[in-house]
Amino acid sequence: MTKTEIRVGGLGGQGIILCGSIIGKAAAIYAGKHATMIQAFGPEARGSACSAQIIVSDEAIGYPYVRRPDVLVLMSQDALIQFAPQIKPDGLVLHEEELVQTAGKLPSTVRALAIPATRFAEELGRRLVLNIVMVGFFAGATGLLPQEAVEKAVLDSVPKGTESLNLQALGKGYDYGRALLA
Amino acid sequence: MKNTELPCIARLRNGKSATLALAEASDGALLLEFYRSMSEEDRLVLKDDVTTAEWLDRFLAALHRGEALSVVGKLDGEIRGEATLYRTLHGWARHVGEIRLNVDRSARGQGLGLELARHIVKLAIDRGIDKLVAHMVDSQIAAKRTFEKLGFHKEAELPGHVKDILGKKYDLLVYANDVSYIWSAMESMLGDFRPDRATR
């Protein structure tokens, strides 16, 4: 059984839950896998700690909570401090380059990959699409999900009229993730 | 992954196909040819003298700086229409873009202007523009209709604001379209997104 536990962490308003939802939707609806998602956020809509737990598996999932993440997708330093101790020894940390500093904060066996997602989002015209850049980075760097499945999940999730820019953001993150692995 | 809808083919009402593409520096000569072929009547109320090499230099420099974005419509390899988004990258109006649209007389009434305008509006929204404006005079009936189809409405009228190349004055109509609501939906989604309540 291939099971991947993923934790997405950051601040409310960064689109953490949407990021997790798209990953889960891509897996469960468009990639023929099983997926669960649990969301957690503070009382404020924006600025408080926020996280999503996603499990993607080839088989039915009996327990939906993430215990030892294989992958952390991080968009705030607080999220790194909170979730880094949980990651598996051979885990992968994908983080926003400016918002999260991993130096000295992770076991040496854990691989960390950074992306200037905020800059990419701003260059595309909307800082708002930072989370979609991170979704693309996740898809590109892990290879866990087919890019077509993630594209469909994005198109299915974002408001009408924003599809084109969101797809560009996804592509930017995906290409960056693939290039890091090359 | 897909990045843009351009270049693309637009089917016109007369059955012909126009190629729509982002204008590049290599289109400079064709653009100048396009504008120089326009009659004086069609150039009466343009903001710039688009028949000069100096204008082309300024235009291409604006494209290079990202202060202008242009979509050209080509038929049989020749430019027959052009839509440009002008924006400032800094200052209090950086969220506003101005659209200018010109279609060759031979290609009018075939839907080319609407297709060009539709693409430039979409590109503007994708680049973070919150509000779009288009300037015209009252006699530009087709232009008004085109922009109204895309959600623009008359926001202001400035009496005697336009003087054509022959010296006659016209009232300037400012058509506007506030497109910020499109991204407001995304913003509110990020604030308190609940997958079980997500609707499109």
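Which residues of H3(B) and H4(B) meet? I found B:Gly113, B:Leu114 and B:Ala117 in H3(B) against B:Ala142, B:Thr146, B:Phe147 and B:Lys149 in H4(B), contact being C-beta atoms, placed from the backbone, within 7 Å. By class I noted 4 nonpolar, 2 polar and 1 charged residues (Ala, Val, Leu, Ile, Met, Phe, Trp, Tyr, Cys and Pro are nonpolar, Asp, Glu, Lys and Arg charged, the others, Gly among them, polar).

The model is predicted: local features need pLDDT of at least 70 and side-chain atom pairs 80 or more, while totals for chains, interfaces and linings use all residues. Residues are numbered from 1 along each chain as its sequence is written, and chains are lettered from A and ligands numbered from 1 in the order written.

I looked up the geometry next. The axes of H3 (residues 112-126) and H4 (residues 141-149) of chain B come within 10 Å and cross at roughly 45°. Axes are lines fitted to C-alpha atoms over the stretch in contact, with angles from 0 to 180 degrees between N-to-C directions. Helices are DSSP runs (H or I, at least four residues), numbered from the N terminus.

In chain A, H1 (residues 16-30) and H5 (residues 147-157) pack at about 125°, axes 8 Å apart. I counted 9 nonpolar, 2 polar and 3 charged residues in the contact of H1(A) with H5(A).

I also checked burial: 13 of the 15 residues of H1(A) are buried, so H1(A) is largely enclosed by the rest of the structure (buried means 20 or more other C-beta atoms within 10 Å of the residue's own). Just after H1(A), A:Gly32 takes a positive phi of about 70°.

Definitions and conventions:
Helix = DSSP H or I, 4+ residues; strand = E, 2+ residues; numbered from the N terminus. Buried ≥ 20, exposed ≤ 12 C-beta atoms within 10 Å, placed from the backbone. Contact = placed C-beta atoms within 7 Å.
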